[in-house]
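Here is a friendly note to read alongside the model. Please keep the picture open while you work through the numbered points.

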Amino acid sequence: MTPLRPLYIYLLLWSLFALVLLCALRFGTAQMSAEALLHGDAGLLSGRGFRALCAMTVGAALAVSGLMLQSLTGNPLADPGITGINAGAALMAVATAQFVPSASAGVVMVSAIAGAGLAGLALWLLAGGDAGLGGEGIALRLPLAGLAIEALCLSLAMMLILTDAQSQARYLHWISGAIPPVSRGEAVPLLTICGALGAGIFLCNRLALLTLGADQSHSLGRNPRVTISLTLALVTVLSGASVAIVGPIAFLGLLVPFVARGLAGPVLRRAYGYCVPLGAAVLMASDVAGRVIVRPGEIDAGLILAMFGGVGLVAVLTRLLPRGAGVRT
Amino acid sequence: MRRAVLLPAMLLVLVWLALAGGRNWLGPSALVQGLLDRQDFLIYGLRLPRLMIAVGAGMALGMAGALMQGLTRNPLATPDIIGLTQGAGLGFAIALLLDLPLLAGAACGAGIAMLCVALLAQGRGALAFVLFGIGIGATAAAATTVLLVLAPDAKAARAMIWLSGSLARADLATAGWVWLVLLAGGALVALRAHRLGLLWLGDDVMASLGVDLSRMRVLVLGLVTALTAASTLAVGPIGFVAFVAAPLARAVTGAQAPAIWHAALTGACLLVAADLVARLIAPVAVFPTGLVMGVIGAPYLIFFLWRDRQEAR
């Protein structure tokens, strides 16, 4: 089969995105015909629009964050959810909101980003290897270290939430990954994500150079350390801001980049371009599914993703670990 | 010899604390009085069932963890990390929704999860077992939550508390089931103690000593499944007890590797202690014991990985 031309893939992905967006506006907890929706009360439509906006931005952010992390570590299992980065961000966000009740949305976001950074640092100490040198085997310690960090941070965050009635109301759904139905100061994180997504495109070529090897990158005038720091900064900002909006969502950053890299081949910038519409569509679709399956109740989008994500992780692993081969720990 | 009495003594102290502690602390005389008076609601209605479940489930989990670690010779392969606990939870939720026997549902769930992980990981190296387990566990955990959201309110309310690993709804009937499975499993382990001890020596040694390997594996896996199912039925999918119990037991007592009984006692100590902490943190609200266990257990996993890395260097 000849590979599809990138233009067609872009068209396909963006039309998928548009389709899911239409579904997100059309279907929801309230059952209304499309006509009634358009001519009736504008509140419902704008509410759904806000939700779709949050879902698409965060979906794109998490997908790109996973892609960059995977390219940097050379580990296809690196995803902000599995590695515990999202959980670290969640813990810091909850702690800030609880101990400093007057903190604005921006402050919460900054502390979430700091939490993501701390979790990333812990992960690096436990399971890190040589950055960018993907050839050196696959560090299978990464998901284990991530499991530990995630369990610790989420347990602590849940403890904080459960001991306080006010944060229960605000954060109990958030912690399992719910798209916010009404705006509560999400504008700052949303704008941050958009900015970071735009800036990330310019990082792609640097990072692609680094994956060829630190020496190559150095000889071509790109300091590998700067590239690593920039990439890590991008990953933490994207993950932290996403968590500030919808809570710790796992597996999206694993599966979407896996598909995008499969479609794009070795070109990182192209994979980046595919990740944005695909990630946005996937998170919006799981939000819609969560709203529609249990009318009039709702299932948080993070749960829907986790259900498919676990299966996806198994699928990735079957590709990653060939039978009969000895596996390095 | 002094170390041999350490764990039972610790468990006794914790049992005392668990009966005496809580929102109302009971002095020694009040506690004895309460124990003698069969009508005492605080002791016989609330604290004793909770204690029985904590001890029973903790012992079952500790035992299951030690057995599994022995069978795979991998300290990471415990029921809570490789997804058996979550599988049992999914089975429990399905059984709850369909009004089937809960223990059977949990056992089927754990068995199916075990089978999936074993089939997927076969021939892919030692760590594959753990990694596939994480994937299966995550799927089962998410599916359980989704199912419970779908459930009718009365059932869901009960199950949601259970799901986060809480002992708040302890009753003596469930405790009876846990203890039944625990005693049966314990008897089997005691009967086969000699052969189970060989597990740690490796497949070659076992084969050369004339042990039927496949029968041994089926026995151990069956035991682990039953013990995991029983404990999950009682306390929900609580993580890390099975994972921490055996290494901690060996570190404390200095016992040799097949420290199944030591692990069982340590598991009971851990769960009773975690439950006590959970009760003390939030005396009024329902506070899940599983969270306390996460905060105790996850740092150990971090420590384990860190030490492993230092050794690898």
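**Notes on the two chains**

1. Leaving aside its neighbours within four places in sequence, Ser167(A) is in contact with Val94(A), Ala97(A), Gln98(A), Leu160(A) and Ile161(A). Two residues are in contact here if their C-beta atoms, placed from the backbone, lie within 7 Å. Ser167(A) belongs to helix H7 (residues 165-171) of chain A. Is Ser167(A) exposed, partly exposed or buried? It counts as partly exposed, with 19 C-beta neighbours inside 10 Å; the cut-offs are 20 or more other C-beta atoms within 10 Å for buried, 12 or fewer for exposed, and anything in between for partly exposed, with C-beta atoms placed from the backbone. Ala178(A) is 11 residues away from Ser167(A) along the chain, and their C-alpha atoms are separated by 15 Å.

2. A word on what you are looking at. This is a predicted model, in which local features need pLDDT of at least 70 and side-chain atom pairs count only at pLDDT 80 or more, while totals for chains, interfaces and linings use all residues. Residues are numbered from 1 along each chain as its sequence is written, and chains are lettered from A and ligands numbered from 1 in the order in which they are written.

3. Now chain A as a whole. Its secondary structure comes to 13 helices and zero strands, where helices (H or I, at least four residues) and strands (E, at least two) are DSSP runs, numbered from the N terminus. Of the 329 residues in chain A, 55% are buried. Take the contacts in chain A between residues at least 6 apart in sequence: 78% of them join residues at least 24 apart.

4. Chain B has 14 helices and zero strands. Its radius of gyration is 19 Å, close to the 20 Å that the globule rule gives for 313 residues, so chain B is as compact as a globular protein of that length. The radius is taken over C-alpha atoms, and the globule rule is 2.2 Å times the number of residues to the power 0.38. Along the principal axes, the C-alpha atoms of chain B fill a box of roughly 60 × 55 × 40 Å. Buried residues make up 50% of the 313 residues in chain B. Among its contacts between residues at least 6 apart in sequence, 75% join residues at least 24 apart.

5. Next, look where the chains meet.

6. Leu84(B), Thr85(B), Ala88(B), Gly89(B) and Phe92(B) in H4(B) meet Thr225(B), Thr228(B), Ala229(B), Thr232(B) and Leu233(B) in H11(B). This contact has five nonpolar, five polar and no charged residues.

7. Finally, two backbone angles deserve a look. Most residues other than glycine have a negative phi. Arg73(B) has a positive phi, near 50°, and is found in the loop between helix H3 (41-72) and H4 of chain B. Arg73(B) is partly exposed, with 14 C-beta neighbours inside 10 Å. Phe240(B) also has a positive phi, of about 75°, and lies in the loop between H11 and helix H12 (241-253) of chain B. Phe240(B) is buried, with 29 other C-beta atoms within 10 Å.

Note on methods:
Nonpolar A, V, L, I, M, F, W, Y, C, P; charged D, E, K, R; others polar.
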